[in-house]
Amino acid sequence: MRAGQVIHIEPAAPAKPALGAPCNGCGVCCLAEPCPLGRVISRKRVGACDALRWDGELKIYRCGAITDAAGVLGARWAFAAPLLRRLARRWIAAGVGCDADIDVASPRA
């Protein structure tokens, strides 16, 4: 993440957890820049990951490679969705904890 970078977060999203704490779906890491898997999916190195999905019911962000693999892949590659879901859990280190060493500031009033 670049110093002074602005990311747009859903107002209902949970606050970013401390580094190493369990992921709570705040979305900060994926909104700041795609992870290695997200770079392949998004075909970009900066900005929000195209695979990131907002779950309005749970009020958290989720990785679409896991929760919407067919949508992330598109109709042509949807047959590979089960494989992507399995691999994505490992590739994004799901359940390992927050690895986003990012300071988050609230918008100015």
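Biologist: Why is Gly 20 called exposed?

Modeller: Gly 20 has a relative accessible area of 53%. Exposed means over 50%, buried means under 20%, and partly exposed is anything in between, with a 1.4 Å probe and protein chains only. The 53% of Gly 20 is over 50%, so Gly 20 counts as exposed. Bear in mind that this is a predicted model, where local features need pLDDT of at least 70 and side-chain atom pairs count only at pLDDT 80 or more, while totals for chains, interfaces and linings use all residues. Residues are numbered from 1 along each chain as its sequence is written, and side-chain values use heavy atoms, leaving out hydrogens and water.

Biologist: Thanks! Where is Gly 20 found, and what does Gly 20 touch?

Modeller: Look in the segment before helix H1 (28-32). A helix here is a DSSP run of H or I with at least four residues, a strand is a run of E with at least two, and both are numbered from the N terminus. Leaving aside residues up to four places away in sequence, Gly 20 touches Gly 97 and Cys 98; a contact means heavy atoms within 4.5 Å.

Biologist: Now Ser 42: what makes Ser 42 buried rather than exposed?

Modeller: Its relative accessible area is 8%. That value falls under the 20% limit, so Ser 42 is buried. Ser 42 lies in helix H2 (residues 36-42) and touches Cys 49, Asp 50 and Ala 51, again not counting residues up to four places away in sequence.

Biologist: What about Arg 43 and Lys 59, which class does each belong to?

Modeller: Arg 43 has 74% relative accessibility, which is over 50%, so Arg 43 is exposed. Arg 43 lies in the loop between H2 and S1, and its phi is positive, about 60 degrees, although it is not a glycine. Lys 59 sits in the loop between S1 and S2, and its phi is also positive, near 60 degrees, in a residue other than glycine.

Biologist: How do you know that S1 and S2 pair?

Modeller: Two strands pair if DSSP finds at least two bridges between them. Four bridges join strand S1 (residues 52-55) to strand S2 (residues 60-63), so they meet that rule, and they run antiparallel. S1 and S2 form a hairpin with four residues between them.

Biologist: What makes Leu 83, Leu 87 and Trp 91 a patch?

Modeller: Like charges are joined within 9 Å, and nonpolar side chains (Val, Leu, Ile, Met, Phe, Trp, Tyr) within 5 Å. Leu 87, in helix H5 (residues 81-91), has 31%, so it passes the 30% limit. Together the three form a nonpolar patch on the surface with about 290 Å² of accessible area, computed by the Shrake-Rupley method with a 1.4 Å probe, where for residues only the protein chains shown count as cover.

Biologist: And the whole chain: why is it called as compact as a globular protein of that length?

Modeller: The chain has five helices and two strands. Its radius of gyration, taken over C-alpha atoms, is 14 Å, close to the 13 Å from the globule rule for 109 residues (2.2 Å times the number of residues to the power 0.38), so it is as compact as a globular protein of that length.

Technical notes: Salt bridge = Lys/Arg side-chain N within 4 Å of Asp/Glu carboxyl O.
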